[in-house]
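Dear colleague,

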Amino acid sequence: MNPQTLIQALRLVRRELRGGLRGFGVFLMCLFLGVFAISAIGSFTESAKSGLLADASALLGGDLEIRLAHRELPTTAVDYLKTEGELSHVMTMRTMVANKSGTQRVLTELKAVDTVYPFYGTVGIEPQQSIAIALDNSHELGALVEAPLLTRLDVKVGDLVKVGSADFRIRGIITSEPDRSVRPFNLGPRFMTSIAGLSATGLLQPGSLVYHAYRLRLSDRTEATQLKTELGERFPEAGWRLRSWREATPRVRFFLDRMNQNLTLIGLCALLVGGLGVSGAVRGYLTGKITHIATMKCLGAPGRLIFTAYLLQVLLMLRL
Amino acid sequence: MIEIKNLHLSLVGGAGPVNILRGVHLNVAGGETISIVGPSGAGKTTLLMALSGLEKPTSGSVKVAGIDLTTLNEDELARFRREHVGIVFQSFHLIPTMTALENVALPLEFAGIRNSEEQAKAALEKTGLGDRIEHFPGELSGGEQQRVALARAFVVKPSLLLADEPTGNLDRETGKMVMNLLFDLQEEHNTTLILVTHDEMLASRCHRSVHMIDGQLKELPGDIA
């Protein structure tokens, strides 16, 4: 291109752009939203995933979890697991909790934990105390509950409540629970006690809907996947469900993946609209400049100068 | 200066071709002023466009300053307009994002003239707008805008000035002042003027008047000059 033409074109561009970016608003907005949506959701998903992975062991409650429904692990399996690392046993079930007089009853998510619980993280308790003290059974059975249970039973910390045939002294309120994964809903507030406490309720009967979770803490958690394979081979008839720390919170990860896909699709749609907006905006912009172009042609502007000037304007605006 | 022979010009619209100019003959000497009068839609503006090379004739020939416009390509026509033609419109058609000085300098810049701004400034001073050179068209009155348009048309010292109802958007007094300026500049540069107007008084200021009816020119009796 003739340098003189380019200089003239640039001069025209500078003067023409004094009129601003009218007509390019929708296009720029689509472009911004599209790029923002794709980059934001991508980085959010990755941050959330890496955060989940960093806290995976805490969320799972161990490096490897073995889950069974309605039955405990056979002794042979427990003995074997104890040779691989530290073992913790947690039982969960849904049951009713009543106030001392029996006038108020609430469905709760009962969780019975052993003395090594939790392997990772801490249970937040109000008033502050260790979980070992809170669930100590030496004088009477103790329990920790979530605040909604107190409200529904109209009791307070220090009061007695009844589960099955046992009375429990409420020792504190649970403010956080490291291995309680994100769930869309819970049937009731948490009621946490010791395994001995649950046994005292008389609810552990053959056929009781109790779920057992055995958590292993390994010296090297990267061996969890390999151990999972070995356990599957060693106990092929066990009927358990094994999850390593890498597979913690599968539903959350699934949700994040779906959200990532859907929001990326929305971002791509916004970009597509932006792409369509390009032609509309360019056409609209040039339509607004037709009189200018015609005037310049009347004044003897060469066609290539006009073409260059307006091409530069469009390219400049696209670059913005 | 101008030699038009049997000029036909048809434009294709949605309803088919429309014959706008139907055999126009016109000869104009250098420095002559001619007014073209006639009803709207008769083809007056189209004739000006053919004279400036903005519309290509369907048949016939158009020669301006010895150049046959029908043989020129787009680039050659652009050069022809730069070197020979000044145009003044009814709606001024100044570029709103450019100052008065930039608007006037524009044809000089297209022609690659180096001291375009000095010449443009001198042209604006000649039209009495020396103190408004940095003003944008939106900051000028209609009369001032038309004076800027006149400065822009005359700044390249064209041999032919085409004026399409230049007072159509102005009040009587302002129109009179603008036309005085136009004729002064025309006389100073000995420019050939083709003036399209509905104003008979204005038309009478030209050396002769022609009447455009249904795409054909008819000489009006009694030349003024």
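A nonpolar core is taken here as a set of buried Ala, Val, Leu, Ile, Met, Phe, Trp, Tyr and Cys residues that are joined through side-chain atoms within 4.5 Å. Please bear in mind throughout that the model is predicted.

On that definition, the largest nonpolar core comprises 35 residues. The residues with the most contacts inside this core are V104(B), L124(B), V148(B), L150(B) and L195(B). Two or more residues come from each of the following elements of chain B: α3 (100-110), α4 (116-126), α5 (142-154), β7 (160-164), α6 (172-189) and β8 (192-196). Another core, of 33 residues, lies apart from the largest one, and I20(B), L48(B), V64(B) and L69(B) are among its members.

Neighbours within four places in sequence being set aside, L124(B) is in contact with A100(B), L101(B), V104(B), L129(B), G130(B), I133(B), V148(B) and A151(B).

Next, the sheet. Chain B contains an open sheet of 6 strands in the order β6-β7-β8-β3-β9-β10, with mixed pairing. Its edge strands are β6 (85-88) and β10 (216-219) of chain B, each of which pairs on one side only. On average, and with direction ignored, neighbouring strands of this sheet are turned by 20° against each other.

Several pairings within the sheet can be described individually. Strand β3 of chain B (residues 33-37) runs parallel to β8(B), and 4 bridges join the two; T33(B) stands opposite L193(B) in β8(B). Two helices pack on the sheet. Helix α1 of chain B (residues 44-51) touches β3, β7, β8, β9 (208-213) and β10 of chain B, and its direction makes about 155° with that of β7(B). Helix α5(B) touches β6 and β7 of chain B, and its direction makes about 170° with that of β6(B).

Strand β7(B) deserves a paragraph of its own. With β6(B), β7(B) pairs in the parallel sense over 4 bridges, and G86(B) has L161(B) in β7(B) as its bridge partner. With β8(B), β7(B) is joined by 5 bridges, and these two strands also run parallel; here A163(B) has L195(B) as its bridge partner. In a regular strand the side chains alternate between the two faces of the sheet. In β7(B), L160(B), L162(B) and D164(B) point one way, while L161(B) and A163(B) point the other way. Because 5 of the 5 residues of β7(B) are buried, this strand is largely enclosed by the rest of the structure.

Finally, some totals for chain A. This chain has 320 residues, of which 43% count as buried, and it contains 11 helices and 10 strands. Among the contacts in chain A with a separation of 6 or more, 78% are between residues 24 or more positions apart. Chain A exposes about 16,700 Å², and carbon and sulfur atoms supply 60% of that area.

With kind regards

Note on methods
Residues numbered from 1 in each chain as written. Chains lettered and ligands numbered in written order. Predicted model: local features only at pLDDT ≥ 70, side-chain atom pairs only at ≥ 80, totals over all residues. Heavy atoms only, no water. Buried < 20%, exposed > 50% of the residue type's maximum accessible area, 1.4 Å probe, protein only. Contact = heavy atoms within 4.5 Å. Areas by Shrake-Rupley, 256 points an atom, 1.4 Å probe, with all protein chains shown as cover. Pairing = 2+ DSSP bridges. Axes fitted to C-alpha atoms, helices over the stretch in contact; angles between N-to-C directions.
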